[in-house]
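Please examine the sequence and the model shown below.

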Amino acid sequence: KKTIFSGVQPSGKLTLGNYLGAIRNFPILQEQYNCIYCVVDQHAITVRQEPAALRRATLELIAQYIACGLDPEKSILFIQSHVPAHAELAWVLNCFTMFGEASRMTQFKDKSAKHADNINVGLFTYPVLMAADILLYQTDLVPVGVDQSQHIEICRDIANRFNNLHPNTFTIPEGYYPKVGEGAKITSLVDPNSKMSKSDPNPNGYILLMDKPEDIMRKFKRAVTDSDSRIIFDPQNKPGVSNLLQIYALATGKTIEQAAAEFDGKGYGEFKPAVGEAVVELLRPIREKTTDLLNNKDYLEQVYKEGAQKASYLARKTLDKVYRKVGFVAR
Ligand code: ATP
Ligand code: MG
């Protein structure tokens with residue numbers, strides 16, 4: 001059985017982009033693979049977080065993973081900071097990552113432009129910690145949105161570099177991306193050229209899984225489209241309309257062609273609320289389940305504690321091997 005690893009940051013509330021680009025596929029994969037899903041709180045502190053909010057967002061993310069269909073009996077679900085091997089392996093991998101290659105990461109450039117007052121070293125070495133997350137579990141496949149493809153590539157480069165010096169240490173992972181039109185990149189509702197992101201300061205740009213139906217409707221009605229009113233899938237020339245068509249298709253289980261045919265000849269005044277309604281219905285059960293789970297903190301605690309135990313056992317095996325190979329004396 002292949003091993004799957006993926007993580008999401010508790011850096012805010014989950015967006016429709018996180019769901020359609022990544023989390024939606026997690027429960028499907030758990031039927032076929034050994035799946036390990038992580039709440040990457042150590043990644044989240046690369047930008048300033050309010051401590052109480054981070055703690056709340058971490059629990060909420062565990063609840064949302066389960067509400068989206070993850071079964072803690074089938075998948076390992078845990079919090080990154082509970083498994084110290086992540087930080088430990090990251091240190092070793094830092095020494096196998098070149099300053100030049102890390103400097104080319106576009107996420108670092110984007111985030112340091114957004115957080116110019118706090119360009120910390122953790123933000124710079126983010127992809128190294130991410131490589132440690134993945135490589136610790138001898139992961140075969142990493143289901144993520146396309147915004148993470150550069151980080152998957154550097155992870156493979158680091159692993160190959162290490163394996164060349166110390167053969168048979170790491171499995172070389174592959175990214176596992178949704179296809180174009182199937183959620184690989186959901187864009188902002190106010191700026192269709194940039195991705196929908198939970199740390200966007202403008203809340204009209206994103207839909208949260210926990211948004212109330214009226215907020216969802218309002219955001220879709222105001223979504224930026226363009227001046228000509230044709231409803232066709234053409235991401236190059238009509239990024240806003242194409243994004244909405246993609247969201248509608250994914251929310252209703254239709255193909256993009258079916259969705260486009262349905263709105264052929266109709267105006268935005270009919271189209272945008274229809275997308276909103278489809279998303280309201282998609283998210284309703286997830287929101288209700290999350291709310292229920294958050295009222296059961298004991299259960300959540302049991303899930304992430306058991307998850308950390310299982311993850312630690314696997315992580316330790318890889319870390320011990322790495323420590324031996326680099327020449328550390330066994331403890
Ligand atoms: P942040 O702005 O704090 O980085 P984020 O919304 O990018 O938040 P992450 O926790 O960094 O969320 O990413 C979680 C997963 O969601 C990753 O697999 C990422 O590729 C995916 N993802 C994030 N945004 C989108 C999007 N707009 N479309 C598709 N997938 C996305
Ligand atoms: Mg991100």
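At what angle do helix H11 and helix H14 pack, and how far apart are their axes? In this predicted model, H11 (residues 213–221) and H14 (residues 268–294) pack at an angle of about 150°, and their axes lie 8 Å apart. Angles over 145 degrees count as roughly antiparallel, and H11 and H14 are therefore roughly antiparallel to each other. The crossing in which H11 passes H14 is right-handed.

The residues that form this contact can be named on both sides. H11 contributes Pro213, Ile216, Met217, Phe220 and Lys221, which meet Lys272, Pro273, Val275, Gly276, Val279 and Val280 in H14. By class, the contact of H11 with H14 comprises eight nonpolar residues, one polar residue and two charged residues.

The ligand site may be considered next. There are 20 residues around ligand 1, and those that come nearest are Gly17, Gly21, Val144, Gly145 and Ser199. Helix H1 (residues 16–21) supplies the largest share of this shell, namely three residues. The composition of the shell around ligand 1 is five nonpolar, 11 polar and four charged residues.

Finally, the chain may be viewed as a whole. The protein chain has 15 helices and five strands. Its C-alpha atoms fill a box of roughly 70 × 45 × 40 Å along the principal axes. Because the chain has 331 residues, a compact globule would have a radius of gyration near 20 Å; the value for the protein chain is 20 Å, which agrees.

Note on methods
Residues numbered from 1 in each chain as written. Chains lettered and ligands numbered in written order. Predicted model: local features only at pLDDT ≥ 70, side-chain atom pairs only at ≥ 80, totals over all residues. Axes fitted to C-alpha atoms, helices over the stretch in contact; angles between N-to-C directions. Helix = DSSP H or I, 4+ residues; strand = E, 2+ residues; numbered from the N terminus. Parallel < 35°, antiparallel > 145°, perpendicular 65-115°, else oblique. Left-handed = near helix turned anticlockwise from the far one by under 90°. Contact = placed C-beta atoms within 7 Å. Nonpolar A, V, L, I, M, F, W, Y, C, P; charged D, E, K, R; others polar. Near = placed C-beta within 6 Å. Rg over C-alpha atoms; globule rule 2.2 N^0.38 Å.
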